[in-house]
Structures are given as C-alpha cells and as structure tokens.
Amino acid sequence: MLRCLLDQETTLSHLLHLTHYCCVCLYSTANNMRQSLISSAALVGTAQALNYTCTPSAIQAALPQGASVNFAYPVAANATFNVPKSGTGYPTSPPNLPALCAASVQVKSIGNTTYGFGIFLPEDWNGRFLAVGNGGFAGGINYVDMASGVRYGFAAISTDTGHNSSSGDGTWADKQPDKVENWGHLAMHGSVVLGKQITASYYKQNATYSYYSGCSTGGRQGLKEAEYYPEDFDGIVAGAPAWWTSHLQPWTVRIALYNLPTTADYHIPASLFAVLNAEVIKQCDPQDGVVDNIVSDPRGCNFQPSTLLCGANSNTTSCFTGPQLDTVYNLFSDYVGKNNKILFPSYYLSSEGQPFLVAGNAPNSLGTQYVQYFLGKGADWNFTDYNDDIIALSDSINPGNATVGFDLSRFHAKGGKVLSYHGLSDPLIPTGSLPYYYDHLTRALKPKGIDVDEFFKYFLVPGMGHCSGTTASMKAPWYFAGANQQPVLGPDVYSVPGFENKEHDVLKAIMAWVEEGEVPEYIIGTKYVNETSHDQVMRQRPICIYPKQAKYTGEGDVNDAANWECKSLY
C-alpha cells in the first residue's frame, strides 16, 4: 500500500515543482496485507457499505490550497456523462455508465498557468486507481477512456494537460514554455497526486494499487511518469509511446519532404501506396507459416521493391518509376545524421497501407506546428526550410522536458512494471521507435545490474495501425482492450467482449503481473467480424512478448489462437 507523507506546510506549488518525487513514500512489504486490503476494498467499496458524498464541498475538502472544484455531482447507473461544451480535445460523452461520482478540478501550476483534471469515482469500486492518457497536442479531459476504466471498477482520472485544443493544434504553445511544461509532465503528475487524495477521501481509504493506461502521447506520458515520478504507479501500459518528442516531431516534417513537392518526379501519389502495400503483403506475408494477408515479421522480410518498376509500356498508375523507388527506400530507412547517428528510426514494412504522413501536399501539423510554436520559429516558418539543424535546436530546448530518458532504475527499484506495445503497421509513429527505446533502456540499466526484462516488456502487433484498428486488406487481430481501443468497438464496451481475462485484455494482464506476479508471455489479439456489434469473432492470435514471435503450428484452424505458438526470434 502506498502512503504519501506530506508536511502540513507543503504548498501545492512546491508539490508540483518537484521533478522526481512528490512525497516520501512507504510501502508495505507483506503481500498478505495487500491482499487483505483488496478484500476490504471489495467489502467497503459499494454504495451499500459507504455513504458517499458527491458534492463540490466534499471534493474540495480533499484538496490543498491552489486547487478548486469546477463541478461534482452523481451520475446514475446507465446514464450518460455530458462532456462540457468547452472540451475540444475529447468532446464525446460516454453513455451507459455505472453509478459514479463525476468531478472536475482546476489547479494552479507554474507561472500564471493552470491545468484541470476529471475524475470518475464508481460506487462499485475495485479498490484501485487508474489514470488515462492523452493524444498528440490535445488539451482536454479524456472522459471516454476514463469511462472504459471505470467499467472495470477503477477510480479513474484524466488531465487536460493545461490547455484546450485538438490533437493536431499546437498553436497554444506559442511563447508559452510553462504551458508546454504542463503538457510535458507537470499536469499528469499533479493530477495523479490530487486524484489519489480525492479517491482516498471519498472512499475513506487509499487505493491499494495504482495503474496507468495511454497510447501515443499517452504512451509517452506513462513512460515519463516512470522516469520522473516512479512512486505514482505500480503498473503502466504504454502503447505506441511518442517518447522521443524532440526528434519525432521534426521527423514528421522530414518524412513528408521525402515525397514533396507533389510535382517532383520522385513523388508517389496517394493512389500508388495501395499498390505498394499489396506488393509488401505479397512478399512479406508467408514468413509466419501461413498466407493470410497479415505481415507478422516485417523486419525479417527481404523486400524487393524493384518488382514494382515500370516496364517500357507499363501503365504508370500501377507501377513505380526509378525515382519513386528511391522514395520508397527513403520511407523505410532510418533518419540518419552526421557520423551515421540515428536521428529517428524508420517505418516498418506494411505501414504504407495508411500513408497519413507522406501522401499529402504538406507535412502534418504535428511536425510543422512543433517547429513553429514549440521551438519558437514562428508562424512564418515554412517547412521547405527544414534541415537537420532543427533536430539540434529541438534537443537544446527539449520543450516541456517531454522526451523520455532511458534511466528507469527508480521505477524498477520500487517494483513497478511496464507493459508496452506498438502496431507493426503504425503509419504515424514508426514502430522501430519502441525497439530502439528498449535497446537503449537495456544499455542504460544492464551496466547497473538491472535485468530490464524483469520490469519492462513489450510486444509488437501484426497488422495494427496507430494504437488501434487494422486495414481492410489485412483484417489482423488487433483488439486487446488497450488505451483508446474500447471506444472503437462501442461507447460502452467493457474489456474484450466474450474474453474478459488477462490472456486477452492488456489491462488485466498488467494487473496480474503487478499483483500476482504472473509474468505475461503473450496477449491474444481479437478481430471481430463486425467490430461495432462484436458478437462474432473472425480470428484470434497470440501476440508474443519480445523476443518471441507467433508461428503457426501447421495444424488446425489458422484463425484459432490455440494453433499458434510463441517462438524465439533468436
């Protein structure tokens, strides 16, 4: 059990300025004590056993000076929580909720800035605390993912990161380093600290375990918590983590420039990416032992793009010229700077099926607006002026201290666990960035005598795009109740419909690892025939923890997970 001991004279400002610790924490070392607390939570965490008080004054009483309640009111079972109209980043209102208390809090932060967070406190509480993450540059409280968490019984929170915007809008960062610092790490940490205080006050006891689930920027937020604030969570699920912010956002400009301008002879029009994707699948699909249109091992595929080269009388709408094949090569090569230093890892083969960052007339705003407003180049900066000096500038500024470092030794020391994942067909954040992080994490910790595999595991998801979904051509089993995934199936989905267990649900898997010591070896991905009704399974498959990979046994239905096994890559 975690208990934070705060001196009565500690101010909220001091609390939020601490970079590495929010408080001094003591832990119970007796596992039987933890188990008894969970049992107690099950007994007292119901409306029948406790007289909950869901009012602004009751929530305010749990908060220190500098934090104020925006609203607090009960939500009846099966009702909808109506997101405030100001919620630009996450405007969707989650329906069919369990009975809960909904509250919102505004907190004074550094300079003249503030941030907010929302909290759902279910009547049927499982004794645990969950924070969910954000995406892109978005400012707003992610009530939809909070709703996914509260259906498990978690007390769930989300921060607005200190501003209000859509995921691709970075204009709010213009000459606002304090706001960027909130987005980078302060708002999440401060929201977690105060969210735990509200939870303890509301239920009259501390949460027994604390978890985090996020993808993309949300994945980065989770790893940043492990680095800067190791006491905040016992278990972290970090999907497609945008951990290398200082390089990822400039790379977003660089990767687009490989295919720009649209008038260049090397430019690949959007329609040709489908041709490229079909050839990648044709050459790279069979290596897992079965031909099913799913690329399971893009790194092991010896792809030959020359098969796409136009002949003398070819129709250029279905083949590639020599200069266009050069662009293909660039898209799947690491971004390398001076002295062959990797500035950012590459896409993996099969990500070209959804060419979001490379098929437009200009780079994505996640790249250009980062340079303009996070790096201070201003609105007049044009992406055609991009060069590698932007990377050096970004490293020197490191806006918001958002980039995650490789020393997670303190999170390991406190017994924390990280379960990370990335779609092999991610078109937004190159899949190679997660193995790169794991490799450098190992380089940082192994010399200290730390076995990374003891506390940090990851898996790569064949055919999955960015955080969720798959292409119509692959129909890969991508669903495992990861961050942002449950709302894709429906606004009131819980866990993995029909398979609500730790083998199929990544959140249940991290709980089993943290609380029971059950080390995950795989997660079973699910693809439903109709993902909005999710009443019939099309196929399931184990997604193996690195360094293993799923291989077909050669017998039985290829769509049955039982006929696949995890085998080592080396």
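Me: What makes S15 stand out in the lining of the largest cavity?

Reply: Strand S15 gives the largest share of that lining, 4 residues. Helices (H or I, at least four residues) and strands (E, at least two) are DSSP runs, numbered from the N terminus. Strand S13 (456–461), strand S15 (537–544) and strand S16 (548–552) each supply at least two residues of this lining. A note on the basis: this is a predicted model, where local features need pLDDT of at least 70, side-chain atom pairs count only at pLDDT 80 or more, and totals for chains, interfaces and linings use all residues. Residues are numbered from 1 along each chain as its sequence is written, and side-chain values use heavy atoms, with hydrogens and water left out.

Me: Why is a space called a cavity or a pocket?

Reply: On a 1 Å grid over the protein atoms alone, a cavity is a set of points where a 1.4 Å probe fits but cannot get out. A pocket is an open set with protein on both sides within 12 Å along at least five of seven lines. Lining residues have an atom within 4 Å of a point. Grid points are joined across faces, edges and corners, and a volume is the space filled by probe spheres set on the points. The largest pocket holds about 660 Å³.

Me: How do you know where the largest cavity lies?

Reply: Look at who lines it. Domain 2 (209–243 + 409–569) and domain 3 (250–397) both give residues to the lining, so the largest cavity lies between them. These bounds come from an automatic or database domain assignment. The lining has 22 residues, and Ser296, Leu424, Leu460, Pro462 and Gln549 lie nearest the centre.

Me: What makes a lining residue nonpolar, polar or charged?

Reply: Ala, Val, Leu, Ile, Met, Phe, Trp, Tyr, Cys and Pro count as nonpolar, Asp, Glu, Lys and Arg as charged, and the others, Gly among them, as polar. The largest cavity's lining then splits into 16 nonpolar, 2 polar and 4 charged residues.

Me: Which residues lie nearest the centre of the largest pocket, and how many line it?

Reply: Of its 36 lining residues, Gly135, Gly136, Ser167, Ser216 and His466 lie nearest the centre. Helix H7 (245–257) is among the helices that each supply at least two lining residues, and H7 gives the largest share, 4 residues.

Me: How do you know where the second largest cavity lies?

Reply: Domain 1 (51–207) and domain 2 both give residues to its lining, so the second largest cavity lies between them. Its space comes to about 110 Å³. Of the 15 residues that line it, Asp145, Ser148, Ser213, Ala483 and Gln486 are the closest to its centre.
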